[in-house]
Amino acid sequence: MTFFSPTALWGLFAVLIPILIHLFSLKNTREVEFSTIRFIKGMEKEKIRKLKIRQWLLIFLRMAAIAALVLMAARPVQKGFISGWMAAELESRVVILLDNSASMSMKSGSESLLEKAKKSIPLITSAFEGTTHLHIFQTNPPSEIYAGILSAGTSMEKIIESVTQSHSRDNLWFLVDSIMKIIPADEPNREFFIVSDFPSKPGPELLNDLKNIDFPWRFYFLGQAELQDNLAITDVSAISQIKLPKHLLKLNTKISNDGLGEKRYVPVELYINEERVGQIVSHFKPGRIKDFLFQVYPGKSGIIQGVLELPTDDFQLDNRRTFELSVPDQISVKLIGKSQDQNFLLRTALESISKDSEFLYINNMVMNEIRQVYLQDTDVLILHDPGVMSAAAVEDIKKFLVRGGGIIWFSGQNVRLGSAAAEIFELPAFINPVKLENEAFLTVNISNSDHPVLKDLNLGDLKSELPRVFQYNKVQKRSRQNYILSLDNGDPFLLEQNYFGGNIYWFSSPLDLSWNDLPMRGIMVPLLHRIIILLAADERNTTSVLVDEIKTIELSKDKIQSKWTLVTPSNKRILIVPEYSTETLKIRDTNEIGSYDIFADDEKYTSFSTQLSPFERPSLRADPEVIRSRWGQENSRWISPEDNLDTKLKEIRHGKSLWRYFLILSIILLGLETIIGRANPEELKNKAA
């Protein structure tokens, strides 16, 4: 504690006045004659001791009251950042970091947190006197919006007009660390103001950097109002992997109540291609997450755009979730076998899938030895008992898989010829062929009934439709290979594996009646159809990304020379130049939340959505004491949104004024002195008697 008027402390000598008066009064005692001393002895025992105690108590109260009044006049203050070790007139370096990330769009009353934060900047700058070097930064995108010497004519309102609300995630503590490293700090007074909702605490890497920083820097953390009312869409995902225009599509949604109160009768609405296709009305208890299942029919092929919406609340950015689904309108299938006879059953099954709709574009090829294969415009490659593959062919297939292509591979009698390629693609390791004698056979069992190939397959009794196997190739399973169908001896009949982004479905027996009777079973065409759909459903272009992440769009070879245009959620049109070496578009302008459309020569090519970062949910708040402890209690102060910023800042910097407390204390002491020192009427009556 320090004093603004320390000379007033000389008045503490006045504390001696009550004692001096008491001592002076002892010299003016009178002698009274009594007829007997018996009454005096009785009074000494009963009254005199109490009287002395009360007199000394009154003296103490009067002394304390005088001391409190003198201390009040000396203008006491609690020690602040500036007072006590440097004067306010010294040269200062002031840094203000304004958080304009997505979470700062939360409403508090009629204004957003960002709007309130911007209004606090003039109050901060008005607290400084003398020469002040001012730096103002924003978090998204990280930039310095002002640097200069603060003067009386500096208009903070015009400076902070350039700070707009972003949808991005802030990297608050990394930015604080960077600013402290680049800002010159030779002034004796250095103060750093951080205006944010503080969704996270500083990491250990920042603490290590603080050891190399020349203090004293003083930090002010300006907290924000707490979240009151908010429902958040946390996820929208398609359960159905088989996506066809007339196939039922199942969407799972997750909604959480991050607010403080229960929300009742809340409508949750689903739109597909701008048409409302579903609505659920539900209650939401605070702190709970609810799952909802929507079932819809896409109705058409191509890019399906969906929106899930919630009513308005304190935070709008998580009340609307856009998503895209790719429903193929045509699939290009390349079938390669050693002969037309060998391909006949497969080609017939493929043609029955396509019928007259041209859903499948089938390219039937006969190759005794696969020297080279062109797969640029192919969605699914079917290899039916392939033979020898050249190095060039293997490289073509590898590139095809890397860019997301899919393969259906039937192994047969030529499995040894293709063993080198099988090793490269990490297919099951061949052991030996197995041929059952006479009329013996092995049955096929379901290993994974939840696999999309088999799930919801409407074939009545599915087990009765599974084939009998007379010959197959016995193999050893590798890692990352999952059985879908297996033989009753445990060997695989159909398995799935991933290879550098592409998928391979591998059969241990070809479509040949001497090997199995799969071509005679009702499961053959639906099974083949589903595998093709799964392999062709390339959703890499429509997969969502977080705001500010780079989105990569794969381009078809015939369109790469087109004029490419990006249309943002706010209908801003941006021309994009493809990366011809990788045949892709790199979308970097993803700073809005919502659905983006990409056009090739003004024809819609694909769409994708951006989502809010999970680290920008306004319910995320770090503990103020934890934040302060990371910076040091002596070097930091927390200012709550309930505090009067102007008054609080003065108290922190120059110390908290304490004169009111001493005034109240003196009043209390004088009141006690009055109560204790007043005459007792009953006592006076007894004396008179």
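**Figure 1. Salt bridges in the whole structure.** A search of the whole structure finds 17 salt bridges. The model is a predicted one. Side chains of opposite charge can pair when their charged atoms come close. The close-up views that follow show some of these pairs.

**Figure 2. Salt bridge between aspartate 177 and lysine 181.** The closest N and O atoms of aspartate 177 and lysine 181 are 3.4 Å apart. Both residues belong to helix α5, which spans residues 172-182. Because they are four residues apart in this helix, about one helical turn separates them. Aspartate 177 counts as buried, because its relative accessibility of 7% is under 20%. Lysine 181 counts as exposed, with a relative accessibility of 54%.

**Figure 3. Salt bridge between arginine 480 and glutamate 426.** The side chains of arginine 480 and glutamate 426 meet at 2.3 Å, N to O. Arginine 480 is in the loop between β24 (471-476) and β25 (481-487). Glutamate 426 is in the loop between α9 (419-424) and β21 (429-435). The pair therefore ties together parts that are 54 residues apart in sequence. Glutamate 426 has a relative accessible area of 31% and is partly exposed.

**Figure 4. Salt bridge between aspartate 597 and lysine 604.** In this pair, the closest N and O atoms are 3.5 Å apart. Aspartate 597 has a relative accessible area of 17%, so this residue is buried. Lysine 604 is partly exposed, at a relative accessible area of 35%.

Key. Residues are numbered from 1 along each chain as its sequence is written. This is a predicted model: local features need pLDDT of at least 70, side-chain atom pairs count only at pLDDT 80 or more; totals for chains, interfaces and linings use all residues. Side-chain values use heavy atoms; hydrogens and water are left out. A salt bridge is a side-chain nitrogen of Lys or Arg within 4 Å of a carboxyl oxygen of Asp or Glu. Helices (H or I, at least four residues) and strands (E, at least two) are DSSP runs, numbered from the N terminus. Buried means under 20% relative accessible area, exposed over 50%, partly exposed in between (1.4 Å probe, protein chains only).
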